[in-house]
Amino acid sequence: FGPLLTTFGMAVLDSIDLMIISQRFINDPNSYAVQIIGIGFFVLQICLDIGMFLTQAIIVRVSSLIGEGRRETACQLTVDVFRLSLLINTVATIIITFCARPIMNFAGCTPDLIEQCMLLIIPTIAGLPFYSLFHISTGFLQAIGKSILNGLLHLAANLFQTFLLTPFLQFIVKIDVTLSNISQPIVQSAIGLILFIMIFKGKFSLKPTLEMWFKPFSPETKIAFKMALPLIPTFVFALLPSTLILRYMTLASQTESLKTDVIGVFTVITKIFIMALALPAAISGGFLTIATHAIASLNYKRMLITMGCVFAIIFGFYLIFIPLMIANPLCIMKLFVSSESQLKLSKIMVPITMYTNPLGNLAAFMFNFFVAIGKPIFSFIGPIVQLFSICIGAKILFVKYPNDPTKQMYAYNICDISVFSFALVVFIINIIPIIKKTKQTNEITIQSTKSLMKSSDIAQVYQ
């Protein structure tokens, strides 16, 4: 339930946040609000990815250490992640600042859009330490089993940002569109700082101390970061293909107005992707915590039961969401864009991406399964398959349809089918031994129960 609240806030409320901003500038077409925020989101995503990487390192290893009874080591690992975040954030800030403009230029943005986006990106990069503080602290909660509190805090942060701070800044203060991203670091810094203080005051079941900041790094830190490495190709997949597809779409656009429309529509489509991923990602995040603990305690049956529930929930969600988006894509698109030219593009582009979307997201769930069973190498290879399949597909489509930007959406179909095929084969190979172990464990349990009952009957006879 906790991860559901977390990803709901990140997906649905983030989209509402963009909708509020777009409504403020709806009568000012020259503001290009949706386009600027959409392009700036590429850089914002990098900042969020750093926090999510550090969170993953805590979740996958701290929960396992707790399951193994090594609580002191889990405390030191938590401190190590906080310490390393200082170094990582410093280096990342420098790199992102110098890479932002080349990324936008590569994506085919117009010079005016690039200048506006750079003004948006500067406060975003400045908020990087606050993103990390928030995500590490809430990841700590997830790792110690307080997933609902973790989810509630994420939801509270997004609710405050979306329905209080963003409307206040947009309609009362009337900030410039280039300052639209400042509401997120403001909210997250407040919650992150409070959590950080509570963690080191011993308010939770796992009690890291300030003295641990001066102790040597734990050997488990290296393992934790190694287990989080499969996320890096996933982050690259989220950035590079979108940038490449946007580049091909802008190159295929024969007029500047079509180029601007394509950027606006594609921005909203990326939000729809996040909506489609919200529930599956939430369930997968919760599954990862349960599965790593279950594997560490050799409780394979619990993991299999949880997995079955996950598949059932994901299937039910897509049974409703996908047909809706294919049949009536404008039900969401109209909330963000209003020009007829953009709505016309939306009718063509949105349904194409939805045809195979569930396959790609199911593959993402399987990647979490590979991490849980201690085989992160497959989770590392999977996103690489995604990356190459979508980039190659986009290039082929551009060569074949150099003057039709909408055809680039089929690259997502190529990617979904490719990565799902890979993940399914590896999943089947790895799930069969676990099912066999579960059956063996059940048989041993039944035999033990029968032996105990027999011993009890004998004892009663002698009595």
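This is a predicted model: local features need pLDDT of at least 70, side-chain atom pairs count only at pLDDT 80 or more; totals for chains, interfaces and linings use all residues.
1. Now for the overall build. The protein contains 16 helices and 0 strands. Its C-alpha atoms fill a box of roughly 95 × 50 × 35 Å along the principal axes. The radius of gyration is 24 Å, which agrees with the value near 23 Å that a compact globule of 463 residues would have.

2. A word on how the chain meets itself. Take the contacts between residues at least 6 apart in sequence: 82% of them join residues at least 24 apart.

3. Helix H2 (residues 33-67) and helix H5 (residues 128-143) have axes that come within 8 Å and cross at roughly 25°. Angles under 35 degrees count as roughly parallel, and H2 and H5 are therefore roughly parallel to each other. Their crossing is right-handed. As for the residues of the contact of H2 with H5, 15 are nonpolar, 7 are polar and none is charged.

4. Is Asparagine 89 buried or exposed? Its relative accessible area is 6%, and buried means under 20%, so Asparagine 89 is buried. Leaving aside residues up to four places away in sequence, Asparagine 89 touches Ile50, Leu128, Pro129 and Ser132.

How values were computed. Residues are numbered from 1 along each chain as its sequence is written. Side-chain values use heavy atoms; hydrogens and water are left out. Axes are lines fitted to C-alpha atoms, for helices over the stretch in contact, and angles run from 0 to 180 degrees between N-to-C directions. Helices (H or I, at least four residues) and strands (E, at least two) are DSSP runs, numbered from the N terminus. Angles under 35 degrees count as roughly parallel, over 145 as roughly antiparallel, 65 to 115 as roughly perpendicular and the rest as oblique. A crossing is left-handed if the near helix is turned anticlockwise from the far one by less than a right angle, and right-handed if clockwise. Ala, Val, Leu, Ile, Met, Phe, Trp, Tyr, Cys and Pro count as nonpolar, Asp, Glu, Lys and Arg as charged, and the others, Gly among them, as polar. The radius of gyration is taken over C-alpha atoms; the globule rule is 2.2 Å times the number of residues to the power 0.38. Contact means heavy atoms within 4.5 Å. Buried means under 20% relative accessible area, exposed over 50%, partly exposed in between (1.4 Å probe, protein chains only).
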